[in-house]
Amino acid sequence: MAAGLPSNPLKKIQLVRPAHVWYKHKDIEAAKRFAADFGFYETETIGKTTFFRGYGTEPFVLALEASDKPEFGGAAFVVESEEDLVYAHQSLPEECRATEVHELKDVPGGGKRVTFYDPVDGFPFHLVHGQTEVERRDPGFPVLKFNYPNEKNREPNKFQRFEKRPAPVHKLGHFGMCVTNFAKCYEFYSTYFNFHPSELVHNDEGVDVTVFFRLDRGKEFVDHHCFFFFEGPKMHVHHSSFETHDFDAQVLGHDWLRHQGYTNCWGVGRHVMGSQIFDYWFDPSNFILEHYVDGDLLDMNEPTHHNKAAPDNLHVWGPEVPPTFLQ
């Protein structure tokens, strides 16, 4: 049976947008070099953790922590108010082990946070509020005018010229997890938070096994998905995805990473669900990070779409789906 809306909906914790992700690495220097080549801007190192921002207004979008083993340290979402943090501490189930509201003293931007742990698989999930935004940076790419066969938008004697460089990261767009019990995870996240399914993917028996969640922000346009998960035999982070400027920036970044000797996971190609152009790479700890551009924006007028799991539903052009991506 397909997953449905929770039978006893509670007041929901109001998420506003993804903020950052946290990764732990054994070889922290290699991880930092990859982050720079991927297009992040290093801000500062505090203790064992180095923070990186994009060219947007979040104080950081990636935290890399030196550790004795590689590990995913969780994603953070901005909540609407400090009351949402208090409510999360008070209302989340006991098995989530939600912390009390606490000050973020050793991270750029400060603010307050509650951390809880997924009630099925135990991975950390962070809620933040009150972080000080930073000034937007210039990514160094123009807004291009394209010449089509029957529509010429670029003025005569104007050229499209680029430099070889990393693709500048704008923001964290989404992250995804492999979970061991899809139905329980779906019930939890759709009950306690303002996640709404943009896409539900079912197997041959009609049982939902993957969800692409967007945020219910009413009439506000939001990304097609900010959090997705699918069922598998062992919990792990699948990937974290970061928006870059445009297709030229993305392919310049692809070539830059290739020339630095990093391993491409999958791309460049165009997704079906979400429509974004994708490019996935393995970092030195074999975590997958994605550059994306041109994703769909939705509001709550758009209904949930239901799709059968199939390789052809993942992309409309680009390389064939590699086995490593489906793990």
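At 46% relative accessibility, Asp294 counts as partly exposed, where buried means under 20% relative accessible area, exposed over 50%, and partly exposed in between (1.4 Å probe, protein chains only). This residue is found in the loop between strand 19 and strand 20 (297-298); helices (H or I, at least four residues) and strands (E, at least two) are DSSP runs, numbered from the N terminus. Asp294 is not a glycine, although its phi is positive, at about 60°. The structure is a predicted model, in which local features need pLDDT of at least 70 and side-chain atom pairs count only at pLDDT 80 or more, while totals for chains, interfaces and linings use all residues. Residues are numbered from 1 along each chain as its sequence is written, and side-chain values use heavy atoms, with hydrogens and water left out.

The confidence of the predictor in each residue is given by pLDDT, from 0 to 100. The chain averages a pLDDT of 95, and 97% of the residues score at least 70. Over residues 1-8 pLDDT stays under 50, and for these residues the model has 13 contacts beyond four places in sequence, a contact being heavy atoms within 4.5 Å.

Further backbone features were found elsewhere in the chain. Most residues other than glycine have a negative phi, and most peptide bonds are trans. Asn286, in the loop between strand 18 (277-282) and strand 19 (288-293), has a positive phi near 70°. With a relative accessible area of 58%, Asn286 is exposed. A cis peptide bond, with omega of about 15°, joins Gly267 and Val268; Val268 belongs to strand 17 (residues 263-271).

An open sheet is formed by 8 strands in the order 2-3-4-1-5-8-7-6, with mixed pairing. Two strands pair if DSSP finds at least two bridges between them. At the edges are strand 2 (41-46) and strand 6 (102-103), each of which pairs on one side only. Strand 5 and strand 8 run parallel and are joined by 4 bridges; Ala75 stands opposite Phe125 in strand 8.

Strand 15 (residues 227-231) is mostly covered, with 4 of its 5 residues buried. Strand 11 (residues 169-179) runs parallel to strand 15 and is joined to it by 5 bridges, whereas strand 13 (residues 208-215) pairs with strand 15 in the antiparallel sense over 4 bridges. Within strand 15, Phe230 is the bridge partner of Cys178 and also the bridge partner of Thr210.

Helix 1 (residues 28-38) is likewise mostly covered: 8 of its 11 residues are buried. Lys32, in helix 1, counts as buried at 18% relative accessibility. Not counting residues up to four places away in sequence, Lys32 touches Glu42, Thr45, Thr50, Phe52 and Leu64. Just after helix 1, Gly39 takes a positive phi of about 110°.A search of the whole structure finds 46 aromatic pairs; rings of Phe, Tyr and Trp (its six-membered ring) pair if their centres lie within 6.5 Å, and planes under 30 degrees apart count as stacked, over 60 as edge-to-face and the rest as tilted. The pair of Phe141 and Phe162 is tilted, because the ring centres are 6.4 Å apart and the planes lie at 35°. Phe141 lies in the loop between strand 8 (124-129) and strand 9 (147-148) and Phe162 in the loop between strand 10 (151-152) and strand 11, so the pair ties together parts that are 21 residues apart in sequence. Phe141 counts as buried at 8% relative accessibility, and Phe162 as partly exposed at 34%. Tyr189 and Phe229 form another tilted pair, with 5.9 Å from centre to centre and 50° between the planes. This pair links distant parts of the chain, 40 residues apart: Tyr189 is in helix 3 (residues 182-192) and Phe229 in strand 15. Both Tyr189 and Phe229 are buried.

A charge sits over a ring if NZ of Lys or CZ of Arg is within 6 Å of the ring centre and within 35 degrees of the ring normal. The charged end of Lys11 sits over the ring of Tyr87, 4.6 Å from its centre, and Arg97 lies over the face of Tyr117, at 4.3 Å from the ring centre. Ser81, in the loop between strand 5 (71-79) and helix 2 (82-91), is buried, with a relative accessible area of 19%. The side chains of Ser81 and Asp84 are joined by a polar contact of 3.0 Å, that is, a pair of N or O atoms within 3.5 Å; within protein, one must be able to donate a hydrogen and the other to accept it, and residues adjacent in sequence count only if both atoms are side-chain atoms.
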